[in-house]
Amino acid sequence: MWPKQNLERELRSLLSRIEAGSQPTGGLVSDVLQYACPRLTSAIRLNDLVQRLVAAEAWVDLGFWLIGWELPDWAIHRLSCDDSRWNCAICVRGLAINWIEDVAEFQHDNPALAILGALVQAQLRKAQGLAPSNVTPFRRIGHSLANRMSRDAER
């Protein structure tokens, strides 16, 4: 199967798991980081702030940070609670609010899962080519170059 189709399948599966979950778990958040965060996983080492947020189980803060990091040209449009159900909507910055095709939205009983679901939904829309973005994932530096950089930093 093509890599793009694999990514779409993984993101759909992740959305289903988020929808079925009652609260964030370490395993679910780990999968969000692995499949919905290509810019973060392309970094040479995991961001210290991400590690601290995961260790503290600060899932809402982590979700907000991930949206800013992974989707820098997107913004949180709405986070609201209606009848004990949280709704998180994010959209491409600068676009008219009523352009529904440029909005990723997710609802859940848990606010952190609503935020993480909106992130995954946006990444799925981008993978399908349905959402505009001018930001691409970072490219992974080859091991030899990364090793050389770390040796230079030690000197």
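User: Is the crossing in which α2 passes α6 left-handed or right-handed?

Analyst: This is a predicted model, in which local features need pLDDT of at least 70 and side-chain atom pairs count only at pLDDT 80 or more, whereas totals for chains, interfaces and linings use all residues. Residues are numbered from 1 along each chain as its sequence is written, and side-chain values rest on heavy atoms, with hydrogens and water left out. A crossing counts as left-handed if the near helix is turned anticlockwise from the far one by less than a right angle, and as right-handed if clockwise. On that convention, the crossing of α2 past α6 is left-handed.

User: At what angle do α2 and α6 pack?

Analyst: Axes are lines fitted to C-alpha atoms, for helices over the stretch in contact, and angles run from 0 to 180 degrees between N-to-C directions. Helix α2 spans residues 26-36, and its axis lies 11 Å from that of α6, the two packing at an angle of about 25 degrees. Angles under 35 degrees count as roughly parallel, over 145 as roughly antiparallel, 65 to 115 as roughly perpendicular and the rest as oblique. α2 is therefore roughly parallel to α6, the angle being about 25 degrees.

User: How are α4 and α5 oriented to each other, roughly parallel or roughly antiparallel?

Analyst: The axes of α4 (residues 48-55) and α5 (residues 59-70) come within 8 Å and cross at roughly 155 degrees. The contact draws on Leu49, Val50, Leu53 and Val54 of α4, together with Trp59, Asp61, Leu62 and Trp65 of α5. The two helices are therefore roughly antiparallel.

User: Which residue has a side chain joined to that of Asp109 by a polar contact?

Analyst: Asp109 is placed in the loop between β3 (103-108) and α6 (111-127), and beyond its neighbours within four places in sequence it is in contact with Ser84, Arg85 and Trp86. A polar contact is a pair of N or O atoms within 3.5 Å; within protein, one must be able to donate a hydrogen and the other to accept it, and residues adjacent in sequence count only if both atoms are side-chain atoms. At 3.1 Å, the side-chain partner of Asp109 is Arg85.

Note on methods: Helix = DSSP H or I, 4+ residues; strand = E, 2+ residues; numbered from the N terminus. Contact = heavy atoms within 4.5 Å.
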